[in-house]
Structures are given as structure tokens and as C-alpha cells.
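The stops below say what to pick and what to look for.

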Amino acid sequence: FFNLHSSHFETDQLYFIFAFFALSVNMLAKLFVYAYAVCQLCHARKTNVQDDSTMRRLLYVPPSNFAPTLGFVPGPFGQLCPSSLAQQCGFYRNSTNDLLYPNEDGFLYCTTVGDCCQCESIICGMGVDICRHLQISGPKAAYGVKDIQIITGIPGQGRAVLECSGVDSCRETVIKGNGVVDIWCRGANACKDAEIIITDPTVGLNIECAGTACQGAKFTINFGASANGCSASAAAVFNLGSIRCFGANACTNMQFTLNNYGCNTVMIATAECDANSCVGTQWNYYGTAAVGINACKLPAAATTPRCLSNF
């Protein structure tokens, strides 16, 4: 390795020792940086960012009695979320908070496996950036999230679309919004056991449930009282679109409730169920103003109080 007969032996030896020393220092420096990063991460997870009460927490600490499952991580509402590097609000995507907002065009997407499942809040629309489309299409996307908001600005004038098209997407969620014009529950079990509350919807609001999407779901449509009272001469008709259940068990044990405390008569265009799609479905209508329906297409197996009469 060294030329022992060379007059430069001592020089070569010193050069080797210096190079080895420099390399060792460089490696030690990198190890120190990595160790420091790991310590900071452990400290952040331990403290859970509890000192910032204005931000939702991302680094969720599971309860002591939580039993981990391979391939899943605990969500903030006790649900199991698929573990994935690509999901929003997950540990690897965002280290500051788990509030999710739409882009500047009013679109918000949860499209990958388990996407948005670890969010404590999903807010589509804020300020001048109103919500136009909330697309929850990944398998188990937003699963079990109890604070999903759709904000469109002026009540009754928004055109927002809620799309739950992935397997188990929107399942067991709580979704509240205004100005919604379409609700699409199209994935298997997509809106199962979800609670969806729409206040002051847009004219023509449609609700579609396909496959087994809306089993045990609760849909509530609210028309609030006018602050200035109601005038009989100014009363009009507010037309909703259709409520459609396609496929066996699509709306089994679903509850649809319409609260009309406004000034106008609310007319539903169509309530429609395929065979065996609305077993145990409940249709509830409350309020001080009238509710009507143009066409009620329900099979004999459906629970139909006040759907075929009292209008």
C-alpha cells in the first residue's frame, strides 16, 4: 500500500492518517444530525404539540387501551386508518396541523387509500374561497372523521358537490354544510352510518346512493325560520331534486329527515328506490311550512310513512 523504499513514505503515511481522520469526523457529524432529528421527533410526539391550542393536533397519541393493528394507525376519533405515506393529515405529509382546506378553485380531494382519515377537521371553503367540490374517492378516505364542513358563502346560492365514491369513503363521518347541490354516495359502504346535515341547500339538491352506500346513514335537510317572519303573499315553492337509492340494500335503515321552518313550500321531485334497496328506510318531515313530493317510487318492502300520503 505504501512504497517503503520511497523517500515520500512519511508524507504518504501522514496523508493517509489525515484523510482517515477527516472521513471519520464527517461520518460522526452525520450521525449526530440524525440522532438529533430522531430526538426532536420523539419529543414532538411526546408533547403532542399541546402548547398550540389554536391548531388541530397531527401527532395523535392513541389511548392507553388502544390495540394496534398491522397496517393501520389510530385516527383522532378512535377509528382505524390505513397506514400510507401518501395520505393527507398523515404523519409523513404534514407536521404542523391536521386542518385540511381546499385549493384556490374551491376543490378539495381525498383520493388515495386512507387519505384524510387522520384529519380532525376537513373544511371545504373558507372566506372568499367557497367550496365547489369535495371529492372523497380513495378507499377508506376520510373514514370516521367527525368534523367535515362544506362552506359556500351565501346560504342557498352555492353549487357545492359532495362526492363519496371510494370503498368505505365517508363511512361513519359527520358532514355539515350549506349550499350543496349534489350528494353522491357511490362507493361500497361509502356513506354507511354517516350523518350528513345540509342547511339551506341549493335549488335542485339531489341525493344518490348506489350499491350498499347509504346503509344506516342519516340525511337531514334544514330550512330555517326567516328573521323577518313570513308573508303569505311572498310565499313560494322551493324545489329539491331527487332522492335515489340504486341497488339492493343501498338505503337499508337509512333515515331521511326534512325540517321546513321557513316560509316556502318545499317540493321533492322524486323519492325512488329499487327493489330491496330501502328496507327499513324512514322518511321524516317536520316543520311549520308545507312539504310536498311530485313522485314517490318505492317498492312494497320500503317503510313509507308520509311518503305516499299527507302531501
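## Stop 1

Select L134. Leaving aside residues up to four places away in sequence, L134 touches L108, I122, C124, I148, I150, V161, L162 and E163. A contact here means heavy atoms within 4.5 Å.

This is a predicted model, where local features need pLDDT of at least 70, side-chain atom pairs count only at pLDDT 80 or more, and totals for chains, interfaces and linings use all residues. Residues are numbered from 1 along each chain as its sequence is written, and side-chain values use heavy atoms, with hydrogens and water left out.

Now widen the selection. The largest nonpolar core has 56 residues. L134, I183, C214, F219, F256 and L258 are those with the most contacts inside it. A nonpolar core is a set of buried Ala, Val, Leu, Ile, Met, Phe, Trp, Tyr and Cys residues joined through side-chain atoms within 4.5 Å. Buried means under 20% relative accessible area, exposed over 50%, and partly exposed in between (1.4 Å probe, protein chains only).

## Stop 2: the whole chain

Zoom out. The chain has 1 helix and 18 strands. Helices (H or I, at least four residues) and strands (E, at least two) are DSSP runs, numbered from the N terminus. Of the 311 residues, 41% count as buried. Take the contacts between residues at least 6 apart in sequence: 63% of them join residues at least 24 apart.

Colour by pLDDT, the predictor's confidence in each residue, from 0 to 100. The chain mean is 76, and 66% of the residues reach 70 or more. Residues 32–68 stay under 50, and the model gives them 38 contacts beyond four places in sequence. Residues 91–97 are also below 50, with 16 contacts beyond near neighbours in sequence.

## Stop 3: along the parallel strands

Select residues 180–185, which form strand 10. Is this strand enclosed or open? All of its residues, 6 of the 6, are buried, so strand 10 is largely enclosed by the rest of the structure.

Next, show its partners. Two strands pair if DSSP finds at least two bridges between them. Strand 8 (residues 160–164) runs parallel to strand 10, joined by 5 bridges. V161 stands opposite D182 there. Strand 10 also pairs with strand 12 in the parallel sense, over 4 bridges. On that side, D182 stands opposite N206.

Move on to strand 12 (residues 206–210). Strand 12 pairs with strand 14 (residues 237–246) in the parallel sense, over 4 bridges. A210 has F246 as its bridge partner. Strand 14 then runs parallel to strand 16 (residues 265–273), with 8 bridges between them. V237 has T265 as its bridge partner.

## Stop 4: rings

Show Phe, Tyr and Trp. Rings of these residues (the six-membered ring for Trp) pair if their centres lie within 6.5 Å; planes under 30 degrees apart count as stacked, over 60 as edge-to-face and the rest as tilted. The count comes to 4 aromatic pairs.

Pick F107 and Y109. Their ring centres are 6.2 Å apart and their planes are at 15 degrees, so the pair is stacked. F107 is partly exposed at 28% relative accessible area. Y109 is partly exposed too, at 37%.

Pick F223 and F238. Here the centres are 5.0 Å apart and the planes at 70 degrees, so this pair is edge-to-face. The pair links distant parts of the chain: F223 lies in strand 13 (residues 218–223) and F238 in strand 14, 15 residues apart. F223 is buried at 9%. F238 counts as buried at 16%.

Then select F256, W283 and Y285. Ring pairs link them into a cluster.

## Stop 5: charges over rings

A charge sits over a ring if NZ of Lys or CZ of Arg is within 6 Å of the ring centre and within 35 degrees of the ring normal. R186 lies over the face of W184, 4.3 Å from the ring centre. The charged end of K140 sits over the ring of Y143, 4.2 Å from its centre.

Stay on K140. This residue is in the loop between strand 6 (133–136) and strand 7 (148–150). K140 is not a glycine, yet has a positive phi of about 60 degrees.

## Stop 6: two last picks

Select D200, in the loop between strand 11 (195–199) and strand 12. Phi of D200 is near 50 degrees, a positive value in a residue other than glycine. D200 is partly exposed, at 27% relative accessible area.

Finish at I293, in strand 18 (residues 291–297). I293 is buried, at 16% relative accessible area.
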